[in-house]
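The points follow the aromatic side chains and their surroundings.

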Amino acid sequence: FYHRGWTLLGKALVWRIQDAAGAGDTAKAAEWTVVATRFGLDLCGGGAMDATLGLTIVDEARRAMLPFVPRMQASEMETLAQGLRQALARMPGPQRLAANEQKSMFAGVQAVQNAFRDNRLEQLEEWMGTPARPAIQHLKELRSKDPDLRVRYFRGFAREAVEEARWIERVASVPGRKRRDVPPPSFEKERPWRRFASALFTTLRPLYGVHGGLLSAEGGFLEDGRLRLGLMDATIARTRLFALHLLFTAEVRRTGAAPRTLGEAPADLATDPFTGERFVYRADGPDFVVYSVGADLRDDGGQTDETAREPDLRLEL
């Protein structure tokens, strides 16, 4: 139920941004944008559902504020950029997210174990649907076998949760370009709990653009080796791009020209989470463009689709 409250709070913050900006108080709208961004990024210290909600709040706050940037004073832009930078700096790291989600995975293992103990296996199918039937059938057969086999089953099931969380933590700790070098844990393809694991242990993967299927020795990425656009990377990239856009627009207001190079920007804002290198930046007098190469890890000259997501990732200007 607390997610409902957080969702409503996030919507209320977005409404405050829109109300203040619509009334001409862009300074107050900027303050609420920082509050919403801090709130959303702080939620990334919870589990996967918390982080997904938090990143959505950050995205909605940014999109609410962006149309009003041209009305802001240069000093307001700089203040908002600094607030966004501070919100990013205090964001919890992937270690906490992985640790908390591992607890949720363990809760899933315990739910399956309780259903097995209480002979309520049909309830598992209600929760997980027909894809879980082979795993449920194996548990039914396990009831009549050696008790040591049951112990080994649930120990192996729980161990996979630990390995999945550790792997995602390692994946999240490096830029997208290097994630293919982080090998996923290797388990037997036909382990009996694999369908349970698919439902319970892959919740962090969409945040980092890795494959959402069953954990296996074949690897965790798309078959062609490409990364998907993960919500975490996309939101972090756009929050940094938003701060840079504000700083450079303020500079144009003050001097009539954008910075000549991205080297004049703070390094923590100028880094593309997909590559670990600087964003692409070009400037010509007062005109400038700054963007991320996105999940394909290739500079497509700033070309993007109607959602500004691919091939290159840009602000939703």
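1. Tyr153 and Phe154 are both buried, and this, like everything below, is read from a predicted model. For Phe154 the relative accessibility is 8%, which falls under the 20% limit and therefore counts as buried. The ring centres of Tyr153 and Phe154 lie 4.9 Å apart with the planes at 75°, so the pair is edge-to-face, since an angle over 60 degrees is classed in that way.

2. The structure contains nine aromatic pairs. One of them joins Phe116 and Phe154, whose rings are tilted, at 5.7 Å from centre to centre and with 55° between the planes. This pair links distant parts of the chain, as Phe116 belongs to helix α5 (residues 94-117) and Phe154 to helix α8 (residues 147-172), with the two residues 38 apart.

3. Phe116 deserves a separate look. Its relative accessibility is 8%, so Phe116 counts as buried, and Arg143 lies over the face of its ring, at 4.9 Å from the ring centre.

4. Which residues form the aromatic cluster? One cluster is made up of Phe116, Tyr153, Phe154, Phe157, Trp193, Phe196 and Phe201, so that the two pairs described above can be read together with it.

5. Glu160 is located in helix α8 and, at 1% relative accessibility, counts as buried. Its side chain is joined to that of Trp193, a member of the aromatic cluster, by a polar contact of 2.8 Å.

Key. Residues are numbered from 1 along each chain as its sequence is written. This is a predicted model: local features need pLDDT of at least 70, side-chain atom pairs count only at pLDDT 80 or more; totals for chains, interfaces and linings use all residues. Side-chain values use heavy atoms; hydrogens and water are left out. Rings of Phe, Tyr and Trp (its six-membered ring) pair if their centres lie within 6.5 Å; planes under 30 degrees apart count as stacked, over 60 as edge-to-face and the rest as tilted. Helices (H or I, at least four residues) and strands (E, at least two) are DSSP runs, numbered from the N terminus. Buried means under 20% relative accessible area, exposed over 50%, partly exposed in between (1.4 Å probe, protein chains only). A charge sits over a ring if NZ of Lys or CZ of Arg is within 6 Å of the ring centre and within 35 degrees of the ring normal. A polar contact is a pair of N or O atoms within 3.5 Å; within protein, one must be able to donate a hydrogen and the other to accept it, and residues adjacent in sequence count only if both atoms are side-chain atoms.
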